[in-house]
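This report describes selected helix contacts and loop residues in the structure shown below.

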Amino acid sequence: MVDNSIISTDVFLFTDFDDTLSCQPDLTEEYIRELCILLPREIAGGEGDWERAVRIALSNSLNRYKERYNENSGLTGYGAWIKEERARALMDACQVMNLSLKTSEAPSELASRLQFEALTSCNAAFPEAYATLQQLFEMGVRIQMASSQESDYLLAALIGAGIESFTESKFGPDIVDCAKEGPEFYRRITSAIGANPMDSIVLDDQLRCLLWAKEAGIGNLIWLSKDTTIPAPEDVCHIRSLNELPGIIEKITNQ
């Protein structure tokens, strides 16, 4: 049983969101459903199927991200890129619907507002996410987000999941102007809040992200995966459920 006594020193946990705290495929389906309710209210007319249009727009957006941010490209400039990308994605959907977007709002602002409204109506958090974050919060762990999704997305998704109040910074590549595609992302997020990398903890479902964190000097790496066929690399703790996380962090802080 975990001792819920308050930790005496700052312990920073940087946690991923997609497929770590929330089931990404389920969230995507909920998000598309909500957008397909909101879009016809905001943008009248059009020919075709809004669901098809949204799926095409999201797929195009992901492809543009992969083209812009990869191991062969620079990782900075994300803040400006995502603002423009929101507008491009909205225009893509309108184009599929044979619509000309006419709105008093700038396309990027309209897209941002619709994203927030849709995500706050979604909840695909894993069943154990709330209790785990609550327990960590009560232990005094300072929970930060460390996601490839931008901060506005994270804020809305966390609100929708009912777990936003347990978190502090929503990193968000836009916050540090660096995509989560290498160790520089982790260097910037720890520096942004004055966390000692060696004492910090990173939780992620992707091993490559943990290896980037290790390269950035993060001292405590936790891999959340139900996969038992792939051995965890050296210095990476493998857990299969969020329920294990408080006990692991207690051991780390008592070392």
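## Helix H4 against helix H6

The axes of H4 (residues 107-119) and H6 (residues 151-161) come within 8 Å and cross at roughly 25 degrees, which makes H4 roughly parallel to H6. Angles under 35 degrees count as roughly parallel, over 145 as roughly antiparallel, 65 to 115 as roughly perpendicular and the rest as oblique; the axes are lines fitted to C-alpha atoms, for helices over the stretch in contact, with angles running from 0 to 180 degrees between N-to-C directions. Helices (H or I, at least four residues) and strands (E, at least two) are DSSP runs numbered from the N terminus.

Ser112, Gln115, Phe116 and Leu119 in H4 meet Asp152, Tyr153, Leu155, Ala156, Ala157, Ile159 and Gly160 in H6, where contact means heavy atoms within 4.5 Å. The residues of this contact of H4 with H6 divide into seven nonpolar, three polar and one charged, with Ala, Val, Leu, Ile, Met, Phe, Trp, Tyr, Cys and Pro counted as nonpolar, Asp, Glu, Lys and Arg as charged, and the others, Gly among them, as polar.

## Basis of the model

This is a predicted model, in which local features need pLDDT of at least 70 and side-chain atom pairs count only at pLDDT 80 or more, while totals for chains, interfaces and linings use all residues. Residues are numbered from 1 along each chain as its sequence is written, and side-chain values use heavy atoms, with hydrogens and water left out.

The buried residues are Ser151, Tyr153, Leu154, Ala156, Ala157, Leu158, Gly160 and Ala161, and they pack against H1, H4, strand E2 (141-146), strand E3 (167-171) and helix H7 (173-176). After H6 comes Gly162, whose phi is positive, near 75 degrees.

## Helix H8 against helix H9

Helix H8 (residues 183-192) and helix H9 (residues 207-215) pack at an angle of about 60 degrees, with their axes 7 Å apart, which makes H8 oblique to H9. The crossing in which H8 passes H9 is right-handed. Pro183, Tyr186 and Arg187 of H8 make the contact with Cys209, Trp212, Ala213 and Glu215 of H9, and by class this contact has five nonpolar, no polar and two charged residues.

## Loop residues

Thr20 is placed in the loop between strand E1 (11-15) and helix H1 (24-42), and counts as buried at 0% relative accessibility. Its side chain makes a polar contact with the side chain of Asp16 (2.9 Å); such a contact is a pair of N or O atoms within 3.5 Å, of which, within protein, one must be able to donate a hydrogen and the other to accept it, and residues adjacent in sequence count only if both atoms are side-chain atoms. Leaving aside its neighbours within four places in sequence, Thr20 is in contact with Thr15, Phe126, Leu203, Asp204, Asp205, Leu224 and Leu242.

Most residues other than glycine have a negative phi. Asp19, also found in the loop between E1 and H1, has a positive phi near 65 degrees and is partly exposed, with a relative accessible area of 31%. Asn98, in the loop between helix H3 (78-96) and H4, has a positive phi near 60 degrees and counts as exposed at 55% relative accessibility.

Methods
Buried means under 20% relative accessible area, exposed over 50%, partly exposed in between (1.4 Å probe, protein chains only). A crossing is left-handed if the near helix is turned anticlockwise from the far one by less than a right angle, and right-handed if clockwise.
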